[in-house]
Amino acid sequence: MTGLFSIAYIPPISYFQKLKEVDKIIIDQHEHYEKQSYRNRCCISGPNGKQSLSIPVLHENLFRTPINQVKMQSDSHWKMIHWRSIESAYRNSPYFEFYEEELFYAFSDRTEFLFEFNLNILKILMTIFKIQGPPELTNEYQKEHQGLIDFRHAFHPKINSGTFPEYRQVFSDRNGYQNDLSVIDYLFNCGPVLI
């Protein structure tokens, strides 16, 4: 079974559940950017509850540009801000120190393209979770793909993509359990084996 996915910025747990279920992974690099999606945002659990981290992108012809050509803003310090948010949210989690260096390295990448930045992080996380890869990339955009399970619109911050069994989160005593956050929430709290 082959799954077709959109690229995502440190995807949610439900995205990784589907990656594990398919035999072959294809990422659509020619679809158009979709605003307020996981293509440039992820959700983590911070001291004040669910926190959304959004990558600022350049808006020139944004919705007519294939996702692999969308550029991130380089004049802001968003990478440092995102990393500090991740660090403050997970510094006290059981597994943070085991994966901190690998993920920090991804944030020091100098690429200017959103797709490339996200793909680098996705590959690191797939390796950590021992999910077969690397993913293949599409050669062109197609609205429908024969013989593939299309997950391109299955994951969105505004829809519930599934319920994951509860696990202990750093701030669950303060904020309660937060469902389907970025997969790094599970990684830092529970380790590299998805249940």
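# A tour by selection

Select Cys43 to start: the closest cysteine sulfur to its own belongs to Cys42 and is 6.7 Å away, too far for a bond. A disulfide here is a pair of cysteine sulfur atoms within 2.5 Å. This is a predicted model, in which local features need pLDDT of at least 70 and side-chain atom pairs count only at pLDDT 80 or more, while totals for chains, interfaces and linings use all residues. Residues are numbered from 1 along each chain as its sequence is written, and side-chain values use heavy atoms, with hydrogens and water left out.

**Cysteines**

Cys43 is buried, at a relative accessible area of 7%. The accessibility classes are buried (under 20% relative accessible area), exposed (over 50%) and partly exposed in between, with a 1.4 Å probe and protein chains only. Move to Cys190, which is partly exposed at 27% relative accessibility. Its sulfur is 17 Å from the closest cysteine sulfur, again that of Cys42, and this is too far for a bond. The structure holds zero disulfides.

**The sheet**

Show the strands next. Helices (H or I, at least four residues) and strands (E, at least two) are DSSP runs, numbered from the N terminus. Four strands form an open sheet in the order β5-β2-β1-β6, with parallel pairing. The edge strands are β5 and β6 (149-150); each has a single partner strand, so one side of each is left without a neighbour in the sheet. Two strands pair if DSSP finds at least two bridges between them. Strand β1 (residues 2-5) runs parallel to β2, and four bridges join them. Select Gly3 to see Ile25 of β2 standing opposite.

**The core**

Now colour the nonpolar residues. A nonpolar core is a set of buried Ala, Val, Leu, Ile, Met, Phe, Trp, Tyr and Cys residues joined through side-chain atoms within 4.5 Å. The largest such core has 55 residues, and those with the most contacts inside it are Tyr9, Phe16, Ile86 and Leu125. Helix α4 supplies the largest share, 10 residues.

Centre on Phe16. Beyond its neighbours within four places in sequence, Phe16 is in contact (heavy atoms within 4.5 Å) with residues including Pro11, Leu122, Leu125, Val183 and Leu194.

**Aromatic pairs**

Rings of Phe, Tyr and Trp (its six-membered ring) pair if their centres lie within 6.5 Å; planes under 30 degrees apart count as stacked, over 60 as edge-to-face and the rest as tilted. The whole structure has 19 aromatic pairs. Phe16 lies in helix α1 and Phe129 in the loop between α4 and β5 (136-137), so the pair ties together parts that are 113 residues apart in sequence. Both residues are buried.

Another tilted pair is Tyr95 and Phe98, at 5.9 Å centre to centre and 45° between the planes. Tyr95 is partly exposed at 30% relative accessibility, whereas Phe98 is exposed at 51% relative accessible area. Finally, select the members of one aromatic cluster: Tyr9, Trp78, Trp83, Tyr90, Phe96, Phe104, Phe107, Phe117 and Phe188.

**Last stop: Thr65**

Thr65 is in the loop between β4 (49-54) and α2 (78-90). It counts as buried, at 14% relative accessibility. A polar atom of the Thr65 side chain lies 2.4 Å from the backbone oxygen of Asn61. Leaving aside neighbours within four places in sequence, Thr65 is in contact with Glu31, His32, Tyr33, Glu60 and Val70.

Note on methods: A polar contact is a pair of N or O atoms within 3.5 Å; within protein, one must be able to donate a hydrogen and the other to accept it, and residues adjacent in sequence count only if both atoms are side-chain atoms.
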